[in-house]
Amino acid sequence: MHRFRVLAACALVAVTACASHASSPLPAGAVPPVAPARGGAAQATLSVHVPLAAAAASAHARPAYISPSSAQLLVAVNGGAATTYGLTAQSPGCAVTAGTLDCAFSVPAPSGNDAFALSIEDAAGNVLSKNVVSATLAPGASTPVNVTLAGVPVAVRLVPGSAAHIEGTASTGYHAPGLAPEPLEAEPLDADGNVIVGPGAPTITGVTVTSGGAYASVASAGTSDPQAYLLTPTNATAGGRTVTVTATAQGVALADGTTSAPVSTSTAFTFTPALVVASGLLVSLYSVETGNLIEQFRACQGCMGLTVATSDAVDANGAIYVVTTSFLGLSQSSLINIFAPGATTPTRVLGSSAGIHIVRGIAIGKDGMLYAAGGSGFRQPPPKVFEFASGATTPTYTITGITAPVGIGVDGSGNVYLPDDNGNVEIYGPGNQSSPSSTFNDPSLGEPGSIAVDAAGDFYVSDIANQDIAYVAAGSTSVTQTLTDSSLYNLGGGSLMLDPSGNLWASLASGGYSERIDASGLPSAVTVSETVNGTGALAWMP
């Protein structure tokens, strides 16, 4: 913004500026004074206070201030010829004091009502901002006049806003991991590439998703900043999609009665995947592309006693489901905390009223069904699997007769896979069930732990006793392949997960990280191509 304050006191005019910039040395070159057109001659004093640029720019939008060696102020009184004043530390009447360039110029103006046409230009003569203000000059009188110079936009850009998790740059491409609403700033720029902010900024219009509207929308952030917007993915189908956002900065009225041309921009944003890791009392989201921690929040609100997150999942809308289990003496109790897309506090909680007591694992089916494997515990009912339709608070189906599950997986047909403490993987058909359709039992599988199931019914199960991963092809009655690798020595009870590309992710319980095993090597080889510094229950955010 270019804000000016004009004071008329015995022909005194004081002007302050706070958001302009130029980039090259400025010759002084003043124009001879203009003779008063009416009234008695008077001498106005023009005071300009220019904050200088900070030593380092912040990561987000901020005013870029005028440089003492790169701007000039033009003043025309009552339609006369403009007088040019240099705004550098070397210009007559200027000096730098405490990080501010202070200049004082004498401007001839008649007593009475005067019109001051004010313009800031760079050294090349490009107009950065301008306006016309009227002030009544009378000896012995002091009349404050507030003036806002309108910034003249020559370009506009869309950039990540404050607290955005967007990665990359405009030139390399903006990537937004995690399917959360992302703040954007629409920034009008002056001729020197400086952001025009504040009351003098041009109006921003037409901020819309012009390509990929099925995957995201953009709207005002609803804050005091008129240039702040939110880019919100529609649901998990936005994962991997690129959308284009367009914005226009409207022109401003110029002194010659014309209006500067509006300027527009279009910027692409790609929604990229995140790894959701639940551990301890925290849920952490990591960018899959960079490994950066992009978000972290508590797994539950108002948890009592010793509470830990033990399982997580993500549905097709991008909502996160986190199981937290609290321990009090011999007693245990679990909650399923459901976070709406982008939320950092639970929007719904499933507990005892929904039949939830102790949960050993959760999974989301392709139809949005939530599967919760109940475990046994002190003074708890027999374990069951509860199946909740999307948004339901009571189970749609239950599976009874299960024995001590340690995890859960679901294939593309809705079959449920339960590794248990007896060394088995029991497989149940869709819907209400009271006995398994088949039981996988192979003596080479020492102690099954976490399980990851693909759409066809192939599954990977961690073997805690042998510190390896067993792969079982759909319908097989024995382990098809054993994945061994030195990196799996601290597999422990770590979590397994398959991403949409068929890569297997393993959370190493005591290693402090999770690793991706490339699908190209599976199911026989372990080819670790990426690690993320987070360990715990794993889920995939598209």
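Student: Is the link of cysteine 94 and cysteine 103 right-handed or left-handed?

Tutor: The link is right-handed, with 115° about the S-S bond. Keep in mind that this is a predicted model.

Student: How far apart are the sulfur atoms of cysteine 94 and cysteine 103?

Tutor: They are 2.0 Å apart, and the two residues form a disulfide. A search of the whole structure turns up 1 disulfide.

Student: Are those cysteines buried or exposed?

Tutor: Cysteine 94 has 11% relative accessibility, so it counts as buried. Cysteine 103 is at 3% and counts as buried too.

Student: Changing topic. How many helices and strands does the protein chain have?

Tutor: It has 42 strands and 0 helices.

Student: And what share of the residues is buried?

Tutor: Buried residues account for 49% of the 542 in the protein chain.

Student: Take contacts between residues at least 6 apart in sequence. What part of them joins residues at least 24 apart?

Tutor: For the protein chain that figure is 53%.

Student: OK, salt bridges. How many are found?

Tutor: The search of the whole structure finds 3. In one of them, glutamate 187 pairs with arginine 157, and the closest N and O atoms are 2.7 Å apart.

Student: Which strands do glutamate 187 and arginine 157 lie in?

Tutor: Glutamate 187 is in strand 13, residues 182-189, and arginine 157 is in strand 11, residues 155-160. The pair therefore ties together parts that are 30 residues apart in sequence.

Student: Why do side chains like that pair at all?

Tutor: Side chains of opposite charge can pair when their charged atoms come close.

Student: Back to that pair. Are the two residues buried or exposed?

Tutor: Glutamate 187 is buried, with a relative accessible area of 1%. Arginine 157 is partly exposed, at 34%.

Student: Where do glutamate 530 and arginine 516 lie?

Tutor: Glutamate 530 lies in strand 41 (residues 528-532) and arginine 516 in strand 40 (residues 514-517), so their pairing ties together parts 14 residues apart in sequence.

Conventions. Residues are numbered from 1 along each chain as its sequence is written. This is a predicted model: local features need pLDDT of at least 70, side-chain atom pairs count only at pLDDT 80 or more; totals for chains, interfaces and linings use all residues. Side-chain values use heavy atoms; hydrogens and water are left out. Helices (H or I, at least four residues) and strands (E, at least two) are DSSP runs, numbered from the N terminus. Buried means under 20% relative accessible area, exposed over 50%, partly exposed in between (1.4 Å probe, protein chains only). Contact means heavy atoms within 4.5 Å. A disulfide is a pair of cysteine sulfur atoms within 2.5 Å. A salt bridge is a side-chain nitrogen of Lys or Arg within 4 Å of a carboxyl oxygen of Asp or Glu.
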